Amino acid sequence: MHQDIEEILISEAEIQQKTLELGKQISVDYAGKSLLLLGTLKGAVPFIADLARAIDLPLELDYMAVSSYGASTQSSGIVRIIKDLEGPIDHKHILIIEDIIDSGLTLHYLVDLIQRRNPLSLRLCSLLVKDRPRLKDVPIDYYGFRIPDKFVVGYGLDYAQYYRNLPYIGILKPSVYEGTKPETEHQSPAE
Ligand code: 5GP
Ligand code: MG
Ligand code: MG
């Protein structure tokens, strides 16, 4: 286990197992259709990569990067598009792939934005859903795990851009938050 991690919440094997189940279910639900997986950068990248390989359908992949306006720690729900989709999505079935749904504000805005482009259908799949009241309702059609209202990292999820490469979902040690930088940043590969 990584030195900055206090507890592994979801193991690599559990993620793998759940991803296969979700892929099977999605393949059944969309049987006879083709599907565009819309991944949100950067957090959903490991999940969309594994999920895509568990889906047995004619599949397209595309990505959007969005960022909340404002400097506050709470997301404002007003979203700026950093990277948009490559083309129009009318006449396509869209499945948004998210890493985690917390307040729901960011995703609510994204769902609205995609809906206005008239896709054939729009659904949402998130690896994690936080056990807390949503500030905005989002229809969660597929999800992997419901987790407690704690800050988690790994498998795409970051703290200050680090820890995305951990193969599991874990809770960070409080000492990492209390310092300004992750402990690992002070290590060189030669050490
Ligand atoms: P919200 O649903 O509050 O608008 O924001 C969701 C976004 O906040 C996620 O896509 C993710 O980037 C970030 N986020 C929310 N909860 C967590 C968490 O526990 N860990 C990490 N690393 N990011 C989180
Ligand atoms: Mg996200
Ligand atoms: Mg982040």
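How do the residues of the shell around ligand 1 divide into nonpolar, polar and charged? They comprise five nonpolar, four polar and six charged residues, where Ala, Val, Leu, Ile, Met, Phe, Trp, Tyr, Cys and Pro count as nonpolar, Asp, Glu, Lys and Arg as charged, and the others, Gly among them, as polar. This is a predicted model, in which local features need pLDDT of at least 70 and side-chain atom pairs count only at pLDDT 80 or more, while totals for chains, interfaces and linings use all residues. Residues are numbered from 1 along each chain as its sequence is written, ligands are numbered from 1 in the order in which they are written, and side-chain values use heavy atoms, with hydrogens and water left out.

**The shell around ligand 1**
- Ser103, Gly104, Thr106, Val152 and Asp158 come nearest among the 15 residues around ligand 1, a residue being near if one of its heavy atoms lies within 4 Å.
- Strand E5 (93-101) gives the most to this shell, with three residues, and helix H3 (105-115) also supplies at least two; helices (H or I, at least four residues) and strands (E, at least two) are DSSP runs, numbered from the N terminus.

- An N or O atom in the side chain of Lys130 lies 2.9 Å from an oxygen atom of ligand 1.
- A backbone N or O atom of Val152 is 2.7 Å from a nitrogen atom of ligand 1.

Technical notes
A polar contact is a pair of N or O atoms within 3.5 Å; within protein, one must be able to donate a hydrogen and the other to accept it, and residues adjacent in sequence count only if both atoms are side-chain atoms.
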